[in-house]
Amino acid sequence: MLDSGIEINVPVPTYKIPEVKNSAGYFAGEGTDLIDLFIGQEGTLSVITEIDLALGRRPSKILSSFVFFKEDRDSLDFAMEARRMSKDAYDGDCIDALSIEYLDVNALNLLRLKNSNVPGYARASIFFEQELTPENEEKTYSSWFGLISKHNASADDTWAAMTDDEAEMFNKLRHSIPESINETVKKNGFRKLSTDIAVPEKNFNLMLNFYNDTLKAKGIEHAIFGHIGECHLHVNLLPKNDKELKEAEDICLEFARKGAALEGTVSAEHGIGKTRRKYLELMYGRQGILEMARIKKAFD
């Protein structure tokens, strides 16, 4: 009921949202309320003019690290075990990652453009961060280095930031990959295409294998990197001509279809927008799109 006396009846969505990090479509689920609908609605239902924020405690110290692997499979096993250990962070091992990021060999090659010290043998890398406290610092280092050795990475070649300046340098290095991709886009003269798909952990290997098999068959320049701790990777395709651009568009559609079939989302963090709007029906079906339209019509 509005102050004016007008009553708005909002139909509750019946479609099921994926149980992953998700920014595709209006929220639906048990106990859904108006706040749930407004968060992530991207201005389609309302314009938010005022919000209250609560600031979290700033970590006293952060461990940042790049771990390099000779085999891609080892990097994936390392990341998944670190993810599971972080979910059960109170079992005594002290591993509780704030973030776990994956870089494939093509992303590493972009990193090498900015830093020649990246080991030449490396076929993949994992970047992770964790808060340190005086109580857990020593055991945290020990736990991480034990996990690194377990998955066939070299502790000698592992980069660990020991100061705030080094941690800032690591962050700049990590963020240099999208910058290098944009430089490649400018050189090629064709826009990039990228995915924003996340899937449940049980289906992550199937999704990544589908990425790699498809891209190997097509031969389009690409790089895969992103938030493996959330089973959410970005595939960046870098076409060089009109033929490759059309193929890249078709590939992204197939990736979105596969992600939806594997109980995932076509957009984990960046929202739908114009370029991904045709993917939304892959997740929710035609009926789900109509339900969203009815919700918007109620507010309109």
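A residue is called buried under 20% relative accessible area, exposed over 50%, and partly exposed in between (1.4 Å probe, protein chains only). The model is predicted: local features need pLDDT of at least 70, side-chain atom pairs count only at pLDDT 80 or more, and totals for chains, interfaces and linings use all residues. Residues are numbered from 1 along each chain as its sequence is written, and side-chain values use heavy atoms, with hydrogens and water left out.

**Exercise 1. Determine where L53 is placed and whether L53 is buried or exposed.**

Solution. 
Step 1. Helices (H or I, at least four residues) and strands (E, at least two) are DSSP runs, numbered from the N terminus.
Step 2. L53 is located in the loop between α1 (34-38) and β1 (61-69).
Step 3. The relative accessible area of L53 is 71%, so this residue is exposed.
Step 4. Together with I48 and I51, L53 makes a nonpolar surface patch of about 350 Å². Patches consist of residues with over 30% relative accessible area and no salt bridge; like charges are joined within 9 Å, and nonpolar side chains (Val, Leu, Ile, Met, Phe, Trp, Tyr) within 5 Å. Accessible areas come from the Shrake-Rupley method with a 1.4 Å probe, and for residues, only the protein chains shown count as cover.

**Exercise 2. Identify the residues of the negative surface patch and describe the setting of E166.**

Solution. 
Step 1. Asp and Glu count as negative and Lys and Arg as positive, while His and the chain ends are not counted. The place of a charge is taken as NZ of Lys, CZ of Arg, CG of Asp or CD of Glu.
Step 2. The negative patch is formed by D164, D165, E166 and E168.
Step 3. E166 belongs to helix α5 (residues 164-188).
Step 4. With 32% relative accessibility, E166 counts as partly exposed.

**Exercise 3. State the order of the strands in the open sheet and name the edge strands.**

Solution. 
Step 1. Two strands pair if DSSP finds at least two bridges between them.
Step 2. The open sheet has 7 strands in the order β4-β1-β3-β2-β6-β7-β5, with antiparallel pairing.
Step 3. Its edge strands are β4 (159-161) and β5 (193-194), each of which pairs on one side only.

**Exercise 4. Describe the partners of β1 and how far this strand is covered.**

Solution. 
Step 1. On the side of β4, 3 bridges join the antiparallel strands β1 and β4. S65 has A160 of β4 as its bridge partner, and S64 stands opposite A161 in β4.
Step 2. Strand β3 (residues 124-132) is joined to β1 by 9 bridges, and these two strands also run antiparallel. Within this pairing, K61 stands opposite L132.
Step 3. Strand β1 is mostly covered, since 7 of its 9 residues are buried.

**Exercise 5. Examine the salt bridges, including the pair K61 and E137.**

Solution. 
Step 1. Side chains of opposite charge can pair when their charged atoms come close. A salt bridge is a side-chain nitrogen of Lys or Arg within 4 Å of a carboxyl oxygen of Asp or Glu.
Step 2. The whole structure contains 17 salt bridges.
Step 3. One of them joins the side chains of K61 and E137 at 2.9 Å, N to O. Because K61 lies in strand β1 and E137 in helix α4 (residues 137-150), the pair ties together parts that are 76 residues apart in sequence. K61 is partly exposed at 30% relative accessibility, and E137 is partly exposed at 24%.
Step 4. R73 and D77 meet in a salt bridge at 3.3 Å, N to O. They are 4 residues apart in helix α2 (residues 72-87), and are therefore separated by about one helical turn.
Step 5. E247 forms a salt bridge with K243, with the closest N and O atoms 3.0 Å apart. This pair is also 4 residues apart, in helix α7 (residues 242-261). K243 is exposed, at 58% relative accessible area.
Step 6. K21, E230 and E269 are linked in a network of salt bridges.
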